[in-house]
Amino acid sequence: MLAEPKSANSPDISESIVQPSDNFKTSIQSLIQCLDCQCENVLSLQRIASQFNFYKRRLYDVINVYESIGICKKLSVDSLLWIGFSNVLPTLERLVRKERIFEKDYNIDNLSIEETSITISNLTHKFLLLFSALHQTSIDIKQCSKFLSKKNDKFKTILCKLYQITYILESSNIIVKSQKPGEVILNKEYFIENQKIYIHPLLSIDALLNNSENEIDFYEKRRKYFSYETMSEKQKYFTMLCRETFSSPMIL
DNA sequence: ACATCCCGCCAGGCG
DNA sequence: CGCCTGGCGGGATGT
């Protein structure tokens, strides 16, 4: 009756050691494969868990991530509406708009987490928003954790969760892990950038130059701020030294 | 030694 | 009160 057992389906008797998912990733992928062709579908959680060999606890993680990016919606205790991956981009766009990420004076500190309790869906949002906020398709998970945890002391927890989230997103082909340890890359199709960056034909050359310069400028500032905030104290110290020595505006 | 991920305890919520 | 949910982070495993 516990939360963890596999709901025995057919492999009846001799299951000395219960071990649902031989592989978490496999479960996720077969789930996707099976469901994403047939949109708008109501399903039973119990059913999903047993059909795709999920530990119940893990399924909650997947569903939380999926729900937060619009792939599905929990309807009741045991029923789930499957919406599909086509809803991911619209959901992300809505998020970005709501957060006003592209406002020039947007402060990316808004993304860091103050609450003591870190929910998967919240974290998923912040993580994905960061790509747009920094206007780059790759992010280092550790840096990300450091940044998001600057207003609380949950670095380890956030890191652990980010590993989980990225694991799920990777299994779902939304991100890719690069060779560089800790670095994840958002797939192009899910990367939301500011449309305004694609120039207005009507603007004068000057205005145009200024404009795009500003745009680039403030993304660059955010990135610098992000990496600075994310350094160890030692690194910060050296950065300062170098800045004084060479009077160059904050390298790296 | 560090990066990554597994695992399941247990508190809080809900019916 | 029992079951569902999911935050949490120790620690095993991988490289």
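How many of the 15 residues of helix 5 are buried? In this predicted model, the count is 12 of the 15, so helix 5 is largely enclosed by the rest of the structure. Buried here means under 20% relative accessible area. The buried set begins with Ile120 and includes Leu123, Thr124 and Lys126. Also buried are Phe127, Leu128, Leu129, Leu130, Phe131, Ser132, Ala133 and Leu134.

The length of helix 5 was also examined. Helix 5 covers residues 120–134. At 1.5 Å a residue, its 15 residues should span 21 Å. The end C-alpha atoms are 21 Å apart, which agrees. Just after helix 5, His135 takes a positive phi of about 55°.

Sugar or phosphate accounts for 62% of the atoms of DNA strand B within 4 Å of the protein. The rest belong to bases.

An N or O atom in the side chain of Arg58 is 2.7 Å from a base oxygen of DNA strand B. A polar side-chain atom of Lys177 lies 3.2 Å from a phosphate oxygen. For Gly182, a polar backbone atom is 3.0 Å from a phosphate oxygen. Two elements, helix 3 (56–68) and helix 7 (155–171), each give two or more residues to the surface near DNA strand B. Helix 7 supplies the largest share, four residues.

Definitions and conventions: Residues numbered from 1 in each chain as written. Chains lettered and ligands numbered in written order. Predicted model: local features only at pLDDT ≥ 70, side-chain atom pairs only at ≥ 80, totals over all residues. Heavy atoms only, no water. Near = heavy atom within 4 Å. Polar contact = N/O pair within 3.5 Å; in protein donor to acceptor, adjacent residues only side chain to side chain. Expected span 1.5 Å × (residues − 1). Buried < 20%, exposed > 50% of the residue type's maximum accessible area, 1.4 Å probe, protein only.
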